[in-house]
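This report describes the fold of a single chain and the way its parts pack together.

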Amino acid sequence: QVAVTVLEIALILVFVAAGAVRGDPSRLLEAPPFGSIDTPAFAVALVYVSFAYSGWNAAVYLAGEVRNPARTLSRALLFGTCVVVGLYLALNVVFLAAAPAGELAGVVEVGHVVAVRLLGPRAGRALSVVIALVLAASVSAMLMAGPRVYERMGVDHPRLAVLARRTRGRGPAVAVALQAAMAIAMIATSTFAALLVYVGFTLSLVAGLGVLGVVVLRRREPGLARPARAWGYPATPLLFVALSAWMIVHALVQNPASCWAGVATAIGGLALHGVLGRPGGRAAAPVA
């Protein structure tokens with residue numbers, strides 16, 4: 001996982017270096033003005049942006065298997081997010097400098113278009129292959145992090161105990177199989193565009209509710225130990241929730257079918273929670 005992640009970072013740095021040498025900085029002026037940030041289209045675009053950053057919080061899923069999680073997780077979240085923000089901003093500057101905005105509008109394979117522009121068709125094809133291989137890093141990371149959530153559900157709720165079953169190698173095999181089966185089912189029954197909207201919308205919805213939970217928990221249980229501070233509380237979480245709500249409402253209007261599927265998923269989760277009741281298993285893993 002570390003090796004593939006290093007390769008991914010190196011690929012981004014190659015793009016940035018090539019753009020700095022061969023890009024046209026004047027094209028940055030072709031970008032839409034800041035006056036467009038209050039439009040519905042911009043709100044929907046933020047759903048895709050948030051999807052690109054999804055995973056910044058995934059280290060928390062591994063809290064039960066990390067030494068000194070209160071110290072390690074807060075550093076991992078802050079450092080990882082800052083690195084990704086820096087890399088992605090630099091990469092998007094290169095995208096805008098490498099090709100006219102008209103060539104990038106509505107294009108899914110932006111990386112390929114930019115690679116061809118900067119390095120030629122042959123290098124563009126080669127880099128496209130590398131990009132596809134590097135995307136395996138995201139799959140690998142989620143195979144490690146995601147099933148830990150299902151496993152925790154199995155620990156907390158006896159009727160889902162099968163999800164907590166581990167192999168001799170200490171991996172949550174049933175939880176991994178469940179996540180893989182759901183991912184394959186989604187791929188087999190939906191288009192890429194619809195799936196992207198569905199996942200992006202659902203992530204925005206869950207992230208907004210998760211951050212709102214910080215406010216609720218502080219009011220309900222003010223005496224809980226909180227090793228990590230929430231900078232700017234309560235303004236920062238409330239601002240995040242407000243932006244999430246703005247994105248969610250406009251996404252529902254622009255892409256109702258995929259977004260209502262996300263709402264149905266959330267309702268299904270609430271229904272399952274109602275059936276299972278409050279956690280009754282062993283003590284939950286320490287999380288920040």
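Two residues are in contact when heavy atoms of theirs lie within 4.5 Å. Among the contacts in the chain with a separation of 6 or more, 70% are made by residues 24 or more positions apart. The coordinates are those of a predicted model.

## Overall architecture

The chain has eleven helices and zero strands. Read from the N terminus on, its elements therefore run α-α-α-α-α-α-α-α-α-α-α. The radius of gyration is 21 Å, close to the 19 Å that the globule rule gives for 288 residues, so the chain is as compact as a globular protein of that length. Along the principal axes, the C-alpha trace spans about 60 × 45 × 40 Å. Of the 288 residues, 25% count as buried.

## Helix packing

Two packed helices are described by the angle between their axes and the distance between the axes.

| Helix pair | Axis distance | Crossing angle |
|---|---|---|
| α2 (residues 40–52) and α10 | within 8 Å | roughly 105° |
| α5 (residues 110–119) and α6 (residues 121–134) | within 7 Å | roughly 145° |
| α3 (residues 69–98) and α5 | 9 Å | about 60° |

How are α2 and α10 oriented to each other? Angles of 65 to 115 degrees count as roughly perpendicular, and the axes of α2 and α10 cross at roughly 105°. The two helices are therefore roughly perpendicular to each other. On the α2 side the contact is made by P40, F42, A43, V44, L46, V47 and S50, and on the α10 side by W246, M247, H250, A251 and Q254. These residues divide into nine nonpolar, three polar and no charged.

Helix α5 takes part in two of the tabulated pairs, one with α6 and one with α3. With α6, the crossing is right-handed. Here G111, H112, A115, V116 and L119 of α5 meet P121, A123, G124, R125, L127, S128 and I131 of α6. The residues of this contact comprise seven nonpolar, four polar and one charged.

With α3, the axes lie 9 Å apart at an angle of about 60°, which makes α3 oblique to α5. The crossing of α3 and α5 is left-handed. From α3, the residues V94, F95 and A98 meet V110, G111, V114, R117 and L118 of α5. This contact divides into six nonpolar residues, one polar and one charged.

## Individual positions

S244 is found in helix α10 (residues 235–254). Is S244 buried or exposed? Its relative accessible area is 6%, and the cut-off for a buried residue is under 20%; S244 is therefore buried. Leaving aside residues up to four places away in sequence, S244 touches S204 and G208.

A266 is found in helix α11 (residues 256–276). With a relative accessible area of 28%, A266 is partly exposed, since that class lies between the 20% and 50% cut-offs. A266 and R159 are 107 residues apart in sequence, and their C-alpha atoms are 20 Å apart in space.

Notes: Residues are numbered from 1 along each chain as its sequence is written. This is a predicted model: local features need pLDDT of at least 70, side-chain atom pairs count only at pLDDT 80 or more; totals for chains, interfaces and linings use all residues. Side-chain values use heavy atoms; hydrogens and water are left out. Helices (H or I, at least four residues) and strands (E, at least two) are DSSP runs, numbered from the N terminus. Buried means under 20% relative accessible area, exposed over 50%, partly exposed in between (1.4 Å probe, protein chains only). Axes are lines fitted to C-alpha atoms, for helices over the stretch in contact, and angles run from 0 to 180 degrees between N-to-C directions. Angles under 35 degrees count as roughly parallel, over 145 as roughly antiparallel, 65 to 115 as roughly perpendicular and the rest as oblique. Ala, Val, Leu, Ile, Met, Phe, Trp, Tyr, Cys and Pro count as nonpolar, Asp, Glu, Lys and Arg as charged, and the others, Gly among them, as polar. A crossing is left-handed if the near helix is turned anticlockwise from the far one by less than a right angle, and right-handed if clockwise. The radius of gyration is taken over C-alpha atoms; the globule rule is 2.2 Å times the number of residues to the power 0.38.
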